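Q: Please take me through this model, starting with a strand pairing and moving on to side-chain contacts and backbone angles.

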Amino acid sequence: MSIRETRAWQALETHYHQEMKDVHLRELINEEGRFDIFAQRAAGIMLDMSKQRMRPSTLDGLMALAEERNMSGAIEQLFSGGQVNVTEGRPALHTALRLPESSELHVNEQDVVSDVHATLGRMEVLVSRVHAGQWRGATGKPITDVINLGVGGSDLGPLMVSQSLDAFAPDDVHHVNVHFASTIDGSQLADLLPDVNPETTLFILSSKSFGTIDTLSNAETAMEWLKFWLKGCSEGFIKHQHFIGVSTKPEKMSEWGIHADNQLLFWDWVGGRYSLWSGIGLPIALHIGMDNFRRLLAGAHEMDEHFRTAPLKENLPVLFGLAGIWNVNFLNIRSLAVLPYDGRLKHMPGYFQQLEMESNGKSVTSDNQPVDYSTCPVIWGEIGPNGQHAFYQLLHQGTQPVACDFIVPIERYDYIEDEGLRRDLKAQHRLSLSNCFAQSRVLMLGDDAVEGGNADAPPYKRYRGNQPSSTLLIEQLTPETLGALIALYEHKVFVQGTIWDVDSFDQWGVELGKEIANATEEIIRTGKGVESLDTSSRHLIETVWQQTREH
């Protein structure tokens, strides 16, 4: 039976048509006690949903839907190691990656906590060697630069966290610069390699399967570059001194030539886009230090515990997820903009894009039935002040509705010693806060954001408002609060996947393209088999052949 046929879903449809369809946010925001009902706090984060197009009765209906979908039981399954990844028959235990060492969790008689902390201990050894200047390249010089070779979850998470927490890089260690290269065309490596020293550059080869062509292609290019400059050094010695591997496949790492001492393992029950908490987070630890990496884990664990134990009506991930269900399935809003008002979070929209769209961009239920309702919206975004000069025109006056997540820290720049500089930077942050609050207000109220309204303005200066948004206020951007924020979004994805009855932890939609790409590469390289392709693909390849022959 489709979830659209359930009692709670149909009650929400009736509620929408009879009570909410023509209600504007300008009416809702004035309801008594609204902020107290729609704002909740946990783990250093306040989630304000008072600008969402819903009433308390809407929330009651959504809670009934969550209970009908056995949300509490689903949460218990997630945390206890149940097979929530249905199509692959395995648990999704990213929450176990941030459990304290004193915790206990056994899955199939395996001590998961012990395994996790063994890997964290191994990470600490590797990070300590680099930060002590003891990790040396093939010619004996200390490592100065680390380049992470990964794609998807092996790139976006570590890149986003490293950028966000740059201010937490320790200053009492041997400094290393951490870089990221993910693109299959080699453009990032082409830009990076001329600016680093092959004698002092360490590569992290991060791949869950250790078979991702993007990452392995970059690794082979990096190896050729090292061999060219480190003449006289054997390939095995170069790989030993200049490569670390992070994967679930130790045998494949060894086959490629990565020494066992330089391998970090994680597990099949960690999805790639949920893996920054594992050995995949090594570049984060190298950039901000192992102590701060553990703080990141602690913040995520605090949000985990809130999600696991808080009543559904006070539960941030549940509330956040249900607001998205209301927007997508009842208000017909299929687009979500993630808008951080903090330049340190510039990679966050891209990270959440993968987290949500790869997790819930599904059209088949967990029992292999086609869905007859919308699932994941299109996720996009940009740093808020930059977006104001790019796409906010569409948000305010365009023809399609867009829901928005505004993200901003309350405090910044307290650590600046220069009093004048601290004062000026705090003033700039006050401008950022002002813009964040102003934009969400105008999206909500439209012309009524101006005292007396804007009724006399020509049509091209009018604002309709009624665009829903949530605001996430972070006390300060620290490893703990960033960990909690990421975990909040992870759990929101799970809540929505549970409602939609989709597997949030597989990603079969990316596999066929990889398979066809490998076959296509062979055709381009060998010149054989092009006649089997469709006319468009055939002519594209023939055009490439013609131009490359001419040059």
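This is a predicted model: local features need pLDDT of at least 70, side-chain atom pairs count only at pLDDT 80 or more; totals for chains, interfaces and linings use all residues.

Q: In what sense do β5 and β6 pair, and over how many bridges?
A: Two strands pair if DSSP finds at least two bridges between them. Strands (E, at least two residues) and helices (H or I, at least four) are DSSP runs, numbered from the N terminus. Here β5 and β6 (residues 177-181) pair in the parallel sense, over five bridges.

Q: Which helix makes a β-α-β unit with β5 and β6, and what is the handedness of the unit?
A: A crossover is right-handed if, with the strands pointing away from the viewer, the path from the first strand over the helix to the second runs clockwise. Helix α7 (residues 156-164) makes such a right-handed unit with β5 and β6.

Q: Is strand β5 enclosed or open?
A: Buried means under 20% relative accessible area, exposed over 50%, and partly exposed in between, for a 1.4 Å probe and protein chains only. Five of the five residues of β5 (residues 145-149) are buried, so the strand is largely enclosed by the rest of the structure. Asp 145, Ile 147 and Leu 149 point one way from β5, Val 146 and Asn 148 point the other way, and all are buried.

Q: Now the charged contacts. How many salt bridges does the structure hold?
A: Side chains of opposite charge can pair when their charged atoms come close. The criterion for a salt bridge is a side-chain nitrogen of Lys or Arg within 4 Å of a carboxyl oxygen of Asp or Glu. The structure holds 24 salt bridges. One network of them links Glu 224, Lys 227, Glu 235 and Lys 239.

Q: Which parts does the salt bridge between Glu 31 and Arg 55 tie together?
A: The closest N and O atoms of Glu 31 and Arg 55 are 2.8 Å apart. Glu 31 lies in the loop between α2 (25-28) and α3 (34-38), and Arg 55 in the loop between β2 (45-48) and α4 (56-68), so the pair ties together parts that are 24 residues apart in sequence. Glu 31 also meets Arg 34 in a salt bridge (3.6 Å, N to O). Glu 31 is partly exposed at 24% relative accessibility, whereas Arg 34 is buried at 4%.

Q: What about Glu 480 and Arg 295?
A: They form a salt bridge with the closest N and O atoms 2.7 Å apart. Glu 480 lies in helix α19 (residues 479-500) and Arg 295 in helix α13 (residues 290-309), so this pair ties together parts 185 residues apart in sequence.

Q: Which phi does Glu 109 have?
A: Most residues other than glycine have a negative phi. Glu 109 has a positive phi of about 65 degrees although it is not a glycine. Glu 109 sits in the loop between β3 (106-107) and β4 (110-111) and is exposed, at 79% relative accessibility.

Terms used. Residues are numbered from 1 along each chain as its sequence is written. Side-chain values use heavy atoms; hydrogens and water are left out.
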